[in-house]
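Work through the exercises below with the structure in view. Try each task before you read its solution.

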Amino acid sequence: MKKISIIVPVYNTEKELARCLESVCNQTYRELEIICIDDGSTDGSGQVVDKFAKYDKRIVAVHKKNAGESNARNEGLRIATGDYIAFCDCDDWIDEKMYETLVQVLEEEKVDLVASGWYQETNGTCLEIKNELPVKQNVFGRDELLKYLYMRDFYRGFAYMWNKLYRKDILKDNQGNIIFFDETLRLGGDVVYLAQAALNTKKAKYIDQAYYHYNQREESGCHTKDVNKLRDWLRAYEIVLQKFEKEHIDKSVVDYVKRFMAYHSSNAAEIAIAQGNKDAKKDFQRIMQLYEQEYVSLNIQYPRRIQRFYGLLTQ
């Protein structure tokens, strides 16, 4: 039986962490290595990890100084001995058959990556996220995977790192060395990492069944008001663009990445305007202008989005 290394970066989620670890430990697929990286938590999260590690020997507990989520994930990747790699955020949880199902598909179909659906949890309300358009039921290649990942309006089920199982080989470079998260990015390291994993994928499969529960919290990084972190998020998408252009990825996919750039820069501009940060506002508006054409053309059916975009661009 092949082993899955599940990497769980942990930081100040004492209230949610037990639910997360219970869901991982209770998986029907038992051959797990559960790597919990306590990234300098200042609440009781470290003690929660140690409590679970005491009763489940599959848990590898690491306590380190705070250095960010990407650094914590990299520490997990250095330790991982599994044949397959999975990621789980410490405030989320998973249904018990998730990895049994993903492993079965990955091995039977001989693919590099398997993705499943997910639920969005918001203040006790659970919403299953559905794709607007159907995804191929059979195995598909890299180009289709990239389309599913970045055409977000139509394929929301593909969006993140954590609803997937990866064959470890696709997380290595051409020299056979493990690929690490970019620690210079305070936000967006997962954006770059998922793009590289997708580029290395030859065959993938999607399961139209939700198993992962994404706990949407206002304190999470994606809701930050820190303009410097938002600059890093935009830089992450710039790195993805450079990778895709180097690999001559289809223009339709590249244009959707540019639309992301315009969208995220508009959100950042809105925050900078609210904070009265004129320099940041100008920087974010410059990026909006750079990808204005792609944003407008790919949102032509959403006039309110375009109206908001130009409203922020002209402030």
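Buried means under 20% relative accessible area, exposed means over 50%, and partly exposed lies in between (1.4 Å probe, protein chains only). This is a predicted model: local features need pLDDT of at least 70, side-chain atom pairs count only at pLDDT 80 or more, and totals for chains, interfaces and linings use all residues. Residues are numbered from 1 along each chain as its sequence is written, and side-chain values use heavy atoms, with hydrogens and water left out.

**Exercise 1.** Decide whether Ser-116 is buried or exposed, and find its contacts.

*Solution.* 
- Step 1: Locate the residue. Ser-116 lies in strand E6 (residues 113-122). Helices (H or I, at least four residues) and strands (E, at least two) are DSSP runs, numbered from the N terminus.
- Step 2: Check accessibility. Ser-116 has 0% relative accessibility, so it counts as buried.
- Step 3: List contacts (heavy atoms within 4.5 Å). Leaving out residues up to four places away in sequence, Ser-116 touches Met-98, Leu-102, Gly-157, Asn-163, Tyr-206, Ile-207, Gln-209 and Tyr-211.

**Exercise 2.** Work out which strands pair with E9, and in which direction they run.

*Solution.* 
- Step 1: Apply the rule. Two strands pair if DSSP finds at least two bridges between them.
- Step 2: Take E6. Nine bridges join E6 to E9, and the two run parallel. Glu-121 stands opposite Asn-215 in E9.
- Step 3: Take E5 (residues 93-94). Two bridges join E5 to E9, and these strands run antiparallel. Ile-94 has Tyr-212 in E9 as its bridge partner.
- Step 4: Look at the surroundings. Strand E9 (residues 204-215) is largely enclosed by the rest of the structure, because 10 of its 12 residues are buried.

**Exercise 3.** How many disulfides does the structure hold?

*Solution.* 
- Step 1: Set the cut-off. A disulfide is a pair of cysteine sulfur atoms within 2.5 Å.
- Step 2: Search. The whole structure gives zero disulfides.
- Step 3: Check Cys-20. Cys-20 counts as buried because its relative accessibility is 0%.
- Step 4: Check Cys-90. At 8% relative accessibility, Cys-90 counts as buried.

**Exercise 4.** Which residues touch the most other members of the largest nonpolar core?

*Solution.* 
- Step 1: Define the core. It is a set of buried Ala, Val, Leu, Ile, Met, Phe, Trp, Tyr and Cys residues joined through side-chain atoms within 4.5 Å.
- Step 2: Name the residues. Of 71 residues in the largest core, they are Phe-87, Tyr-150, Phe-158, Tyr-166, Phe-244 and Phe-284.
- Step 3: Find the main contributor. Helix H8 (residues 251-275) supplies the largest share, 11 residues.
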